Amino acid sequence: YFTNYSTLGDSCLNLSDSDTLIGRISNSSIHNFNISANISLCKQDYLLNGSSGNEAVFNLNNSGVTLDCASASIYGNFLAGMRPVYMMVNSTTVKNCNFWNYSSGLLAMNNITGDRLGNVIIRDNNFTNFIGNQVRVISTQLNATNIYIINNKIINTTITAQSGGGIYLWASARADASSYRLITNVLIEDNTIGNMYQTTAGESALGISILPPEEEWTTSTYSYNFTIRRNIIYNISGATSGNHIGIYYVGRNVTIDWNNITSISGSSIYPISSFGNTTFSNNMLNNASYGLNIGSYGLTLSSITAFDNTISNMSSCGIYIKAMNSTFSRNIVNNSAVGICLVSAGNNSFYYNNLSRVTVGVWENSSVSNNTFYETNVSSIKYSYVYGTIDGSGNILGDTIAWYNNSILNLSGSTYGKISIWEGIVAVNSSGLPQQFNSSANV
């Protein structure tokens with residue numbers, strides 16, 4: 001059991017040398033350690049398998065404690081359910097650790113039932129080769145606030161059953177209607193998450209996720225104030241029919257910017273519900289099914305702002321939108337099946353977006369109305385700029401449309417749609433003038 005050892009100076013703790021343990025640990029059997037004061041390890045390799053019946057190798061059980069591994073490497077042997085670290089009280093820090101070969105991840109959860117966990121810092125750590133059932137490499141559970149996860153690397157994770165992921169903040173179902181589960185004030189910044197695979201069909205592999213209880217997904221009442229910034233996420237996939245996603249969350253007052261997400265078999269960024277003050281900006285999204293997947297869970301989202309995102313090589317859609325009263329500006333979508341998909345979307349504004357080398361520029365279904373496209377730059381469209389059925393009205397203002405092969409507007413399924421076109425500039429390819437309007441609707 002670790003105790004305060006400030007009288008011993010700044011010497012490091014060598015878990016392999018019994019002489020350094022005197023006054024710091026009650027015995028020299030290296031399996032599981034309860035930490036109640038600041039610890040700095042000597043930089044070397046340690047084999048710490050843990051032992052059955054214990055929660056973790058390192059248990060931080062006193063407020064204000066820091067575990068500083070000082071770049072030491074901690075190796076496990078995939079003992080079932082064994083974690084490298086359990087942060088069980090407020091105001092604890094884990095930093096500069098290299099963890100290898102565990103079957104379960106670092107857990108931050110207040111061990112007092114119902115009490116909120118807060119002021120947790122997890123930074124500058126490496127987590128490599130985690131393999132096991134429901135692996136969540138860095139996770140919180142129940143109520144959590146003021147969580148800082150910065151500059152960690154999570155590489156080579158295999159999830160053998162149930163949903164798991166890299167950074168996985170979640171709250172289980174409420175005990176009753178009067179209780180709640182809170183996730184607030186979260187900073188996830190400068191992390192790298194790569195090479196994650198889910199082996200079980202129907203289960204999920206998630207790079208970064210923030211998930212309150214499902215009964216709170218329709219309001220985001222207790223899930224807010226997140227910043228997810230400058231993270232690198234790559235190579236997330238798995239067995240069929242599961243959700244394999246870069247960033248997956250429920251919340252409001254959310255900023256997701258400057259992330260680089262590539263090679264995801266599902267969606268790059270997927271907000272389940274996001275109500276109010278949500279911004280996606282300057283993200284680089286490449287090689288997935290969907291880039292920004294806004295609302296395909298089924299809820300209609302609102303008050304989204306998305307600008308300066310670059311989205312490439314999407315097999316289904318660059319920007320999928322089931323949202324209202326939102327703004328999309330200066331986004332680039334290229335080399336994708338569809339540039340923008342509008343589904344149950346209304347009163348949205350699109351400014352200065354660039355769509356190139358896509359099969360269809362904008363696809364719309366029958367529940368779309370009152371969306372305005374202003375000065376969209378459209379080039380090298382394989383089929384049509386706008387394709388679908390318009391129910392209501394929309395505006396196309398000053399768009400530049402070049403290199404299309406079928407029709408600018410193909411609205412043959414519409415019954416009473418109305419489109420207004422103002423000051424459009426149309427250029428065509430050398431094969432001749434394609435049909436500009438294919439519609440039974442009013443144009």
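Reply: Let's start with C317 and C341: the torsion about their S-S bond is about 130 degrees, so this disulfide is right-handed. It links distant parts of the chain, with C317 in strand 27 (residues 310-321) and C341 in strand 30 (residues 332-342), 24 residues apart; strands here are DSSP runs of E, at least two residues, numbered from the N terminus. This is a predicted model, where local features need pLDDT of at least 70 and side-chain atom pairs count only at pLDDT 80 or more, while totals for chains, interfaces and linings use all residues. Residues are numbered from 1 along each chain as its sequence is written, and side-chain values use heavy atoms, leaving out hydrogens and water.

The sulfur atoms of C317 and C341 are 2.2 Å apart, and a disulfide is called for cysteine sulfurs within 2.5 Å. C317 is buried at 0% relative accessible area, and C341 is buried too, at 7% (buried is under 20%, exposed over 50%, partly exposed in between, with a 1.4 Å probe and protein chains only).

There are three disulfides in the structure. Another one joins C12 to C42, S to S 1.9 Å. C12 lies in the segment before strand 1 (33-35) and C42 in the loop between strand 2 (39-40) and strand 3 (45-47), 30 residues apart. C12 is partly exposed at 30% relative accessibility, whereas C42 is buried at 10%.

Then there's C69 to C97, S to S 2.0 Å. Its torsion is about 75 degrees, so that bond is right-handed. Both C69 and C97 are buried.

Counting bonded cysteines along the chain, the pattern reads 1-2, 3-4, 5-6.

Technical notes. Helix = DSSP H or I, 4+ residues; strand = E, 2+ residues; numbered from the N terminus.
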